[in-house]
Amino acid sequence: TFILGIEGTAWNLSAAIVTETEIIAEVTETYKPEKGGIHPREAAQHHAKYAANVIKKLLAEAKEKGIEPSDLNGIAFSQGPGLGPCLRTVATAARMLSLSLGIPLIGVNHCIAHIEIGIWRTPAKDPVVLYVSGANSQVISYMEGRYRVFGETLDIGLGNALDKFARGAGLPHPGGPKIEACAKEAKKYIPLPYVIKGMDLSFSGLSTAASEALRKNSLEDVCYSYQETAFAMVVEVAERALAHTGKKEVLLAGGVGANTRLREMLNEMCEARGAKFYVPEKRFMGDNGTMIAYTGLLMYKSGNTLTLEESRVNPSFRTDDVKVTWIKEEEM
Ligand code: ATP
Ligand code: FE2
């Protein structure tokens with residue numbers, strides 16, 4: 001089976017062709033704003049400008065491996081969640097390909113794609129997933145036909161929270177890696193608000209308090225304290241999800257997962273609980289076309305395709321809205 005998938009929920013326009021076992025090709029064009037954060041319409045214009053080129057280049061790379069457009073079985077695209085204008089641009093490109101090749105469309109939930117690529121590229125089988133990216137922060141696990149959200153942010157995603165604090169502190173975008181570097185030079189921990197409500201998380205109060213703490217403390221100490229506090233929060237929710245589900249694996253997903261300190265803390269928690277901890281290769285943690293193509297492939301093979309009428313994008317598409325047709329419980 002050959003599936004072409006297109007990702008374009010935010011910064012990254014990325015398309016890939018995969019089979020059950022192989023990544024045939026992947027081509028990516030990243031939108032980089034001149035300054036500050038992402039402008040949804042500018043990002044969408046970027047995607048519109050490069051979509052044809054990205055697909056052409058992808059098909060050319062596939063051809064070098066002997067794969068023709070007529071070999072493709074389906075076109076997958078990121079249907080949401082994400083920025084409306086970006087999603088619509090990518091969906092338009094996907095519809096055109098689907099119509100011209102006469103093959104079905106597959107609407108992929110972006111968050112689920114982050115999970116499935118992790119399961120594909122690591123030994124994880126049935127993990128508790130900590131998905132922490134720019135816009136999203138969720139603790140997720142499969143249960144009875146759905147990926148259930150056990151806990152999530154009530155305000156902003158952890159990556160955006162880190163970026164926002166960093167911008168206020170005068171650090172360049174994206175702030176996550178800069179904060180990680182500063183934290184390594186810290187001398188002491190400054191108490192900051194640790195906010196968990198039930199199983200849910202909140203980062204905006206932490207960001208505000210951290211910005212205020214900068215008036216009396218060094219940037220290094222605040223960066224360190226911010227990381228220790230925020231990461232302890234997400235690790236606590238992941239640990240409670242492990243205890244609740246009785247599962248024995250943790251999978252880390254999303255761009256914030258690049259952080260070494262977060263990995264260390266998760267690994268310690270997993271060791272203490274006798275669970276295995278898995279992180280995919282870095283190229284599969286941020287947004288990529290391969291994860292959309294691969295999740296599309298799983299969906300296609302379980303008959304989960306869309307008609308043109310059903311192919312509207314959904315900027316607030318939830319992880320637990322998706323009926324997981326491709327997991328057979330008896331195989332787990
Ligand atoms: P999504 O649509 O899934 O929310 P996204 O496009 O917002 O994804 P990703 O590419 O998954 O984002 O992640 C980007 C985020 O990861 C940024 O907020 C960035 O600051 C953060 N990040 C990257 N590297 C690190 C790091 N080493 N430590 C902490 N945060 C990091
Ligand atoms: Fe993402």
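These notebook entries record what I looked up in a predicted model of one protein chain.

**Entry 1. Domains**

I began with the division of the chain. Domain 1 comprises residues 3–114 + 284–331, and domain 2 comprises residues 124–279. I then looked up the distance between them: the centres of the two domains, taken over C-alpha atoms, are separated by 27 Å. To the contact, domain 1 gives 13 residues and domain 2 gives 18 residues. I sorted the side of domain 1 that touches domain 2 by class and noted 7 nonpolar, 4 polar and 2 charged residues.

**Entry 2. The nonpolar core**

I next asked which residues have the most contacts inside the largest nonpolar core. They are I17, L130, V234, A238, V250 and A293, in a core of 108 residues. Helix 7 (residues 219–245) supplies the largest share of this core, with 13 residues. Domain 1 and domain 2 each contribute at least three residues to this core. As background, I noted that nonpolar side chains in soluble globular proteins tend to be buried together.

Leaving aside neighbours within four places in sequence, A238 is in contact with V128, L130, V139, V250 and L266.

**Entry 3. Helix 8**

I checked the length of helix 8 (residues 260–273) first. Its 14 residues should span 20 Å at 1.5 Å a residue, and the end C-alpha atoms are 20 Å apart, which agrees.

I then looked up burial along this helix. L262, L266 and C270 are buried in helix 8. These residues lie on the same side of helix 8, because they cover an arc of only 65 degrees around the axis. I recalled that an α-helix has 3.6 residues a turn, so residues three or four places apart point the same way. The other side of helix 8 carries the exposed residues T260, E264, E268, E271 and A272.

What do the buried residues of helix 8 pack against? I found strand 6 (128–132), helix 7, strand 11 (249–253) and strand 12 (276–278) as their packing partners. Just after helix 8, I noted that G274 takes a positive phi of about 70 degrees.

**Entry 4. Helix 6**

I repeated the search for helix 6 (residues 204–213), where L206, S207 and A210 are buried. Seen down the axis of helix 6, the buried residues fall within an arc of 100 degrees, so they line one face of the helix. Among the elements that cover these buried residues are helix 4 (158–168) and helix 7.

**Entry 5. Helix 3**

I applied the length check to helix 3 (residues 110–121) as well. At 1.5 Å a residue its 12 residues should span 16 Å, and its end C-alpha atoms are 17 Å apart, which agrees. How many residues of helix 3 are buried? I counted 12 of its 12 residues as buried, so that helix 3 is mostly covered. The buried residues include H110, E116, W120 and R121.

I looked up S100, which has its place in helix 2 (residues 84–101). Is S100 buried or exposed? S100 counts as exposed because it has 10 C-beta neighbours inside 10 Å, and the limit for exposed is 12 or fewer. From C-alpha to C-alpha, S100 and V195 are 51 Å apart in space, and they are 95 residues apart in sequence.

R95 also lies in helix 2. I found R95 to be partly exposed, with 16 other C-beta atoms within 10 Å. Not counting residues up to four places away in sequence, R95 touches L105, L308 and S311. R95 and Q138 are 43 residues apart in sequence and 30 Å apart in space, C-alpha to C-alpha.

**Entry 6. Backbone details in loops**

I searched for cis peptide bonds. One joins G80 and P81, with omega about -5 degrees. P81 is found in the loop between strand 4 (74–80) and helix 2. Another joins H173 and P174, with omega about -5 degrees. P174 lies in the loop between helix 4 and helix 5 (175–183).

Finally, I looked up E144, which has a positive phi of about 45 degrees although it is not a glycine. E144 lies in the loop between strand 7 (137–143) and strand 8 (146–152). I noted E144 as exposed, because 7 other C-beta atoms lie within 10 Å.

Note on methods. Residues numbered from 1 in each chain as written. Chains lettered and ligands numbered in written order. Predicted model: local features only at pLDDT ≥ 70, side-chain atom pairs only at ≥ 80, totals over all residues. Domains from an automatic or database assignment. Contact = placed C-beta atoms within 7 Å. Nonpolar A, V, L, I, M, F, W, Y, C, P; charged D, E, K, R; others polar. Core = buried A, V, L, I, M, F, W, Y, C linked by C-beta atoms within 7 Å. Buried ≥ 20, exposed ≤ 12 C-beta atoms within 10 Å, placed from the backbone. Helix = DSSP H or I, 4+ residues; strand = E, 2+ residues; numbered from the N terminus. Expected span 1.5 Å × (residues − 1). Arc of directions from axis to C-beta.
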